[in-house]
Each structure stands twice: as structure tokens, then as C-alpha cells.
Amino acid sequence: MLLQSSASSYLPILIQGIMALAFVGITMVITHLVGPKRRTIDKLTPFESGISSVGNARSPFSIKYFLVAILFVLFDVEVIFMYPWAVNFRELGGKGMIEMFVFMGMLLLGFFYVIRKGALDWEK
Amino acid sequence: MTSLIIVSVLAVAVLYLGLFKYKTALLPVSVTGLLAAAAMAAMDWDLEKMYFSEMMLFDNYAVAFSILLILTTLLIFGLSRNYFEKISNNVAEYYALMLFALAGGVVMVSFHNLAMLFIGIEILSISLYVLAGIRRKDPASNEASLKYFLMGAFATGFLLFGTALIYGATGSFNLAAIASSGAFESALFRAGVLLMMVGLSFKVSVAPFHTWTPDVYEGSPGLIAMFMATVVKTAGFAAFLRLFLMAFAEASAFWAITVAILCILTLFAGNITAVFQDRFKRLLAWSSVSHAGYLLLAILAVGFSASSAVLVYTIAYSLASVAAFGIMILVSRARGNDHLDSFNGLARTNPFLAFTLTLAVCSLAGIPLTAGFFGKFYVFKVALAQGYTWLVVLAVINAMIGIYYYFKVIIAMYMKENANAVAIQLNPGFRLVLSIVVFLIFLFGIFPGLIANIL
Amino acid sequence: MTLWLIPALPYLGALILILAGSKLSKQMAGIIGCGSMGLSALWTGVTGIAFLSGGREPVRLQLWEWFDVAGWNPGVTLYFDSLSLVFTFVITFVGFLIHVYSTGYMARDEGFNRFFAYLNLFVGSMLMLVLADNLLLLYLGWEGVGLCSYLLIGFWYQDPANGAAARKAFIVTRIGDTAFAIGLFMLFQTLGTLNIGAILAEAGSALSGDGAASWPGGPAGATAIALLLVGGAVGKSAQIPLQTWLPDAMAGPTPVSALIHAATMVTAGVYLIARMHGIFELSPVSMQVVSLIGTITLLVAGCSALCQSDLKRVLAYSTISQIGYMFLALGLGAWSAAIFHFFTHAFFKALLFLGAGAIIESLHHEQNIFRMGGLRKELPVVFITFLIGSASLAALPLVTAGFFSKDQILWMAFAGEHGSLGLWIAASVGAFLTALYTFRMVFVTFWGETKTPVTHRPGKAMTIPLIILALFSLLAGFIEVPHNLGHITLFSSFLASVLPSPELITDSLLMEWMSQAAAALLTLGGIGLAYEYYVRNPQSLAGMKRNTGALQRFFHSGFGFDRLYDSLLIQPYTWLARVNRRDITDSLYTGLARFSIWLHRQSAQTQTGILRHYLLGAAIGALIILTISIFI
């Protein structure tokens, strides 16, 4: 790792990013230009895992779905913190252990609150 | 630090009290907890302790502002008995959210690392997004919440971008390291400073990033608007000043002119637009914008007297705002709306309320013998000491414009009659809080030395 | 040190009466009002005794620092030395007696509680004034006194005339206050401090150096400051040319007049000049101005008093004239003589006003002396005390306090280093006039036949203060006796630590005897003349009245100052105001207001409530900020 980090030391990253974007763009353009085009009815229907599409996609559905989804994301993402802790378990030692337990305790408190509030009861 | 832990744990405890239906215990527990937190904060005086690998620094600045935030919240809680019960079933959540927001505020005044600044701002803001939308059935409240959220998210983007650029330029999030990095000339650093300034300006409603303020204040419940005007603004400015004092002070020659321009814009936008507002809450919202302008003056004057000036100003402003919003809540509840006409004849039906509100708006306007006078006085003084005479002249003109619209409510209360007005009933909490505020406004107006020499 | 209790007690009383006034009974309000004053007087006594028995060292008590800005830290600091002690003693002691008297006088008034609240505030402000360590605090007390006088003169505000009198007092004294304020600005500009001790030290070192030339502002600066201070003093102490408010101030209740004249208000100017004597010593011109003002005032007011028919107005003009004596003494550099005259004057003038109040009250608010008469037997206590007060005012030789204090001034006018024969003659004529108008008042009121029946007699609350004040009016003079009569200098040596004593150019014993004899003769002559015209031979007066009608009207109107000011200042002013109804200078401000309204309309457009406009505005703002930085 560079000790002296400055804007210029990010230049390679920028170049790589541009390369990546260019690669995507160029492939798409080239395939579009090069590939043969046969427009049949089957090919122009939206692909939905083999099931024929029904009605408008913008129909409303239960708000509870969002709640469950958001709660899922919340608790799912928290796991990310456990990976680095697990990797550095030895170095962090007892203190790290306690801190992680506090963190988990807070999460559990939240989780318990969610259950108790009935956020996960679909039929309510 | 102990106080921060107490506030956080208190919030969780309040949440669980609500979960197990101990509604009567909510307020006593919160008040006791906050008192304990304030006491613990005071214990940290002069200790200058660093926490979490130098991510937080509890110096006297942090302690003073923490105590101010905690005590202001305490005053607001004093007014909240029977308030949330009327507008919602989830009372405990609101106490808890306000406490979480307070915890965010405490982090914002004690950060020593840009990451902590961001975390503090987000803890504060996200709690507020929810609080603004407390009245779920009320479209205005929903609108306020959504607007606040979207604008806040926009601002956070600027803030984070700025933080990233500064990290890019200096290689550190640590304020001391940034200050000693010597990267002030680099374009990356400068862009970072300006973007952070934009992000923070949103949070403290500095023009031209203030546009959300009146809409959000108007749509939010009165008590939440009061919380935004006092605790959130204090925390925001304390964070603003702390960042620019501890990290960017050396580069002040470069960002000062921008702050000066923002200051003028804010003063004029706030005061001029407030002039003909006919709803008191919206008027207070615009006035809160204009007060951000006066506070920017102090930021211009980097140096320790600036923090003292900001402290005096925010104390005075918080006290006056608590009284003004509190009486606005009472009047709009009793008379149906917060239109200035609703205040007609208040002096006859409720002389105490009329007197308190008069004192509060006098303090906001900066009339001598009130705390607000010395707030403005010290801010002007530090700005003058830095040679911003022209800016102070403009600010004084704005203060005069301010007197015009502040006194409209006094005129309504004392000089206009309302034949069918009946006396408004006060509960003991209101009476106590308003009496304390009146006492303190006078106390600090006559003995400004009590607060002027803390920092 | 508990010095702060002295002003704090009246203030506390006022605070209680203001906050709880409507809920207290009259009795309770009286107890609070008098009690706080009594305690304050008691505490003054205790402090005074401690001061006298101690080393007489001045005491400085810093209560708190008001604020600290740019090296300027005006503190709420009290300063206590012998000069403050004299004033504090008179204010609290006489004030207390007036309070007690008021419980009787105002007993049937509806605004009883309000009255005591104002009274306490009045005394508290005056105490603040005389105990202030810096001129800023002094100015606070000064303005507090002005405010309270306004409130009290207009106490019976239902009558518009009283309101007008109150406004007049307020506005006229305000002219002086403005001069005073400008003087303070100049002082601060010159020295960077308003601390009295520091200013006097500076003045003292300039004086001991090469005089006014070594004063930081130069001789002209010193004179300007001194004259501006005189302006303030002239307004407050009702001297020419700002004396017009005092006779009208009789609109207030009589105890208020007593308080204003004896203890709390008009003497503030005397105090100010005495306190700032160092500045005046630097500027001989200003000293001459002061003595000239005093001399003219004492003559003009003396003549005016001769022709008044309203009992209280006679007394009002007599106060103006007596303060004129004090100014004369101040101008002569006879500082302690001025303060001594203030000291004795406080007792006999309070006595006279309270006595007048008792008479007016007994006669069902009749104030015209020519409708009184024969009260000698009807109101014996009032008569005797009033007679003592009048004798003291007229400076009846050897037995009254007024004689000793006035004699000192006369002698200084003659023999002092700034004195002259002209001043002495003027002052002696004034003494003659004083005796004449005083005893005219006494004879008309108490002798002759009864013209208005006495409806009721004053109670104990009113007579006891009269008796006490009468005793003081007789005895207070004996603490300072001229050296040819016994040489007692308790008072002047007491003040010597604060006020320098003037040098005498002649100390011939013969001259002193002559001067005293002349003054005594003039006094006796005045009394005799009054007796001749008003008791023995009233018919001869009628002829004179016809012959000198115009002169009498001129005197009666107080030398027409009111009419002069009316045509010189008020008429042009109202004319200007009428012409300039659509204010020319105002158009600038209305223009500014219009501009603000226009700007408001523009800025109100930003409140669309549409989120994307807000975000757009913010984004443009951010863009502009970033663009600006490119050019820095």
C-alpha cells in the first residue's frame, strides 16, 4: 500500500474503471452491430422464468412485503460485521469479544422489539 | 462518554417500557435518565478524554454542548406530557426516537473523526425523519417527513462525497491529522471542504439549502418542530463549528468568503421571507433560518471566542424557541390554528403566556436585558474582531427587519382584541418549563458572564 | 461586606409590590414599602457607624461583572465613601420618613400598592446612583430615577394635565440626560474607562502636573466634558435653563414632591458635579458656568416664588432656588459647603413638603394659599413644624440648620478663591428673597382668618415624621459651625478625604462677621417685610399689586420660560412636524420598506412546496459555491 496517497495515486484505479466501463459498452455495441437479428413473437415476449406474463407489472401489493424485506436487509447486512471480527478473532481478543456481544445484544433487542410489535405477523 | 451511553441505553429502555405498556413510567424514567446523563457529562469537565482510537474527544466544548442538548431535550420533555398521546398510540417510540436523536446530537458535538461526524448526523437525522411523520394519518406530516428525508439524503450525499475527497487529499479521517496534513492547497481538499460545507448547511438550514425548513417545520408536530429548532440546530452548528475549527481552521482564508456569502444569503432569505408570514409556526421556521445566518458569523471568526459566542447564542436561541414553540402549541391547540390572528387578545386571557411569549420573541429579536441580546452581541463581537465590519452591518440591518416581524405577534397579543377568546388552560409541566425559561432568559440577559466565560 | 443590601432592599420591596401588588392588602403593602426602606436606613446606619469607627477607608464592592468585551468590563460595583455616606444617609433616612408619612397620606388612594412600588423603585434607583462605582451604573440609576419621577408625577394619570406634567418632566430632563450621555461617551473616548476612581485619579494627576494641558483630551476636551456633565446636572436638578419641569411636577402626590425635592431626584445633579469635581477643577470655565447658573437660578426662582399662590409651587421654586445655592457653591469650588447645604436642605424641604401635604389634605385638597389662613390654631403640630422648616429655609440666624449651611456658601462667595463681590451680592439678595417669600407663605397660610374649614386632621403616621424632620431642621446645622462662632468642622473634615476644600483669599474675621451680620439682617428684613405686608398691613399690598401687575405676572410665570420655550422650540417644532407630515427623511425608510416587500415577494416565490424545485435550488447553490472557489 502506498504510504503517500494523493489524487494521482488513484489514477490507475480511474483508468481501470474506464477500461471496465468501456469494455461493457464496446461489447454491447459490437454484439448489437455484429449479431444477427431475427425478430419472432417468442423472442420479443418478456422472459419471466418460463412463465407467461400476466397483466401490468405496476400493480400494488401488500405493504408488509416491504417491511419484511427491509427487516431482512437490516439483519442480513449486520452479518457483514461478523466476518472481519471472525477473521481477526485472535487479535481482537477478549475486548473484541465483549464489543461484539454488545453489538449482538443490541441487535437482539431490536429483533425482539420487532417480533413483539408484530412486524413479522403476516396475518394481522 | 458515560452520558452518551446513558442516553443510548435510556432510549432502548424507554422503547421497552413502551413495549411492556408502562406508559406512566415513560416520562419519569426519561427525565431521571437525562438528568443523570447531564450530571455525568458535567463530570467529564476538563478531562479531555479520547475514546475509540481517537474517534471521539470529550473536551470542554463537547461537554458544554452535550449538556446544553440534554437540558434542552429535558425542557421539551417537560412540555410533552399528554402531547404524543393525543396524536398517536406509539408514545414510547417517540420518546425513544427523540432520545436516539439526542444521542446522535451528542456524537455530533464530540466527534474527532469524520466517520463519527457522519454517524452522528445520520443517527440524528434518521430519527427525525420518522419523528416528522409522527402523525401518520395527516398528509402534511407525511409530506414533511418525506421531504425531509429526500432532502436529507441529498445532503448526506454531499457530506459523504466531501468526506471522501478530504480523505483522498489527506489520507485520514482524524481531525487533528487533517489539520496537520498541510494539504490545504490541493483542489481535492478544497472541493471536499466545500462539499462538506454544503452538506452541513443543509442540516442547519443555511440558504440556499434551507428550502425544506418551513415546509418541514409546518408539517411536523409542534413539539418535533421545537426539537428541530433547538436541539438539532444546536448540534448541527456545534458540529459545523467543531469541524471547521479543529480541522479546517488553517484553511480559513479560502472558505471564509464562501461562508460570508452563505451568511448574507441566509440572513436575507430568512428575515425577508419571514416578514409577511401570517402563520406563527412558519414565521418561526423562517426565523430559525435567519438565526442560522447569525451563527454563521461566528463560524467566520475561527478561534476560541467563536465557540463561546456560538454557545451563548445557541443557549439563548434554544431557550427562546422552547417558549415560542411551546406557546404556539398551546394557542394552536386551543384556537384551532397557529395563524397570527389566533394570538389576538392573549394578553387579556393569559397574561403569563403573553408575557412569556413577549420575552421569548424579544430574546429572538435581540432586545437588551434578554439572553438573545448577548447572543447577538457576542456573535457580532467575534465577527468584528475578525474585521467583518460590513457583514456585521448587514446583520444588524437584518436584526432590525427581524424586530418587525417578531413584534407582530406582540401587537396581536396586546393590542388586538378577540371577543370570544377564552383562557387557555396550562398543565403544570408547561407552567414549570415556561417559568424556568423566563427565569433563565432574564438571568442570562442580566448576567451574561455566567455563560459567556464557560468555554 | 453587605453594602449591597442598602440598594437591594428597596428594590426587593419594589419587586414584591410589583409582582404581588394586586394581591396584597394596603396594610401589607405599607409594611413592605416602609419596612424595606426602614431596614435600608437601618443598614445605612450600621454601615455608616462601621465606616466612621473604622479607618474611613472607601469600600469598593464588586457584585458581579456585567460583561467583558475588548478590555472594557463594566462591573456592577458599589463604592462607598464619605460622600456616598452622606447621600445614602439622607436618601434612606428622609426616604423612610416620607414612606411612613405616605401610609397616612395615601391611605384612601386606590393606587396605594402601586404608589409604594414606585416609591421603593425611586429610592432604590437613587441609591444605585450614589453608590455606583462607575458612571455607567450611575447612569443606570440616573435613568431609573428619571423613569420613576415620570411614573410618580403622573401617578394620578386619569387627569391628562398630570400626564402632561409627567411627560414634561421626562422630556426636559431627557435633554440634560442626552448631554450627560454624550459627556460619558467623550470621557470613554478620552480615557477608555468610566470608572469614577480612575477618572478622578487621571484628573488629579493632570491637575498636579501642568493642569488641563496634560489631560489626555486637552483643556478643550476637559471643558467640553465638564459642560456636558453640567448639562445633565442642570436637567436633573432643575436649574436654568432646564428648570421648567419642576413647578409642573407638583402634579404628583405631595410625598412624591417631598421625595423628589429632598432626597432622590433634584440633588442628583449636585451629587454628579461633586463626585466628578476633578474634571471641573481642570476647567475654570465650567466652574464659572456652574456658579453663574446657580446664581441666576437662585434669583429667578426666588422672584418667581414671591408671586405664586399655589402652596406647592412656592416650595417648588424655593427648591430651585436652594439648588441654585448648591450650584453656586459647587461653582465656587466649595464642594463640602454645597453638600452641607444639600444635607440641611433635605431635612427642611422634606419637612415643608410633608407639612404642605398635611395642610392640603386637611383642607380637602385646597392648594391656593390665599384660600387658606388661620391654620395656626387648627393644626398646631403642623404649624410649629412648618414654622421651623420655614425658619430653616429662610436661614434664621443661629438657631436653624439652614443658616449655617447658607452662611458657608455666602462666605465662600465672598472670600473663596473663585468668589467675587458680585456673586456675594446676588447670593445675599437671594437670601433676602428667600426670607420674604417663605414668610409670605407662612403668614398667609397660618395667620389671618380661616377661609377654608379643616375637614380632618393628620394622623400619627403623618405628624411623627414632621416632628423628627423638624428636630433635624434645627439641629443638623450644628455639626458645622463657622470658626468665628465656635468652629466645628465635623462635616467638612468628614468629607475632606473625598472633596478638596477651597482656599480662602481673605480670612479676615471682621469680614466674616460683617458678612454674617449682613445675611442675618437681610433675612430678618425679609421676614419683617413679609410680616408688614401680609399680617399687619395687608391693604397696602393692594396698591402695589395694581402698580406692578405685569411684573407679578412675569414672576408668576417663572420669568416666562415656559412661554419662551413654547414659542422658541415647541411652536417651530410642531410647525415643522406639520409641514413635514409626509416625512421627507422617512421616504428613505419607506423606500427601504417597499424594497423589502418587493424582495419578500420574490423570496416568497421560493416557497413552492415542490421538492424538485428545492433540490434544484440546492444543486445550483452547491454548483455556485464550487465555482466561486475556482476564482479564489
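This is a predicted model: local features need pLDDT of at least 70, side-chain atom pairs count only at pLDDT 80 or more; totals for chains, interfaces and linings use all residues.
Trainee: What is the mean pLDDT of chain C?
Mentor: Start with the share of residues in chain C that reach 70 or more, which is 94%. The mean pLDDT of chain C is 81.

Trainee: How many residues of chain B are in contact with chain C?
Mentor: Contact here requires C-beta atoms within 7 Å. Chain C contributes 25 residues to these contacts. Chain B contributes 29.

Trainee: Which element gives the largest share of the side of chain B that touches chain C?
Mentor: Several helices of chain B give two or more residues to that side, among them α7 (139-170), α9 (187-203) and α12 (252-274). The largest share is 6 residues. That share comes from α12(B).

Trainee: How many residues on that side of chain B are nonpolar?
Mentor: Take the other classes before it. The side of chain B that touches chain C has 4 polar and 4 charged residues. Its nonpolar residues number 21.

Trainee: How many residues of chain B are in contact with chain A?
Mentor: Chain A brings 5 residues to these contacts. By class, they are 3 nonpolar, 1 polar and 1 charged. On the chain B side, the count is 6.

Trainee: How far apart do the C-alpha centres of domain 1 and domain 2 of chain C lie?
Mentor: Domain 1 of chain C spans 158-562. Domain 2 of chain C spans 582-630. Their C-alpha centres lie apart by 62 Å.

Note on methods. Residues are numbered from 1 along each chain as its sequence is written. Chains are lettered from A and ligands numbered from 1 in the order in which they are written. Two residues are in contact if their C-beta atoms, placed from the backbone, lie within 7 Å. Ala, Val, Leu, Ile, Met, Phe, Trp, Tyr, Cys and Pro count as nonpolar, Asp, Glu, Lys and Arg as charged, and the others, Gly among them, as polar. pLDDT is the predictor's confidence in each residue, from 0 to 100. Helices (H or I, at least four residues) and strands (E, at least two) are DSSP runs, numbered from the N terminus. Domain bounds come from an automatic or database domain assignment.
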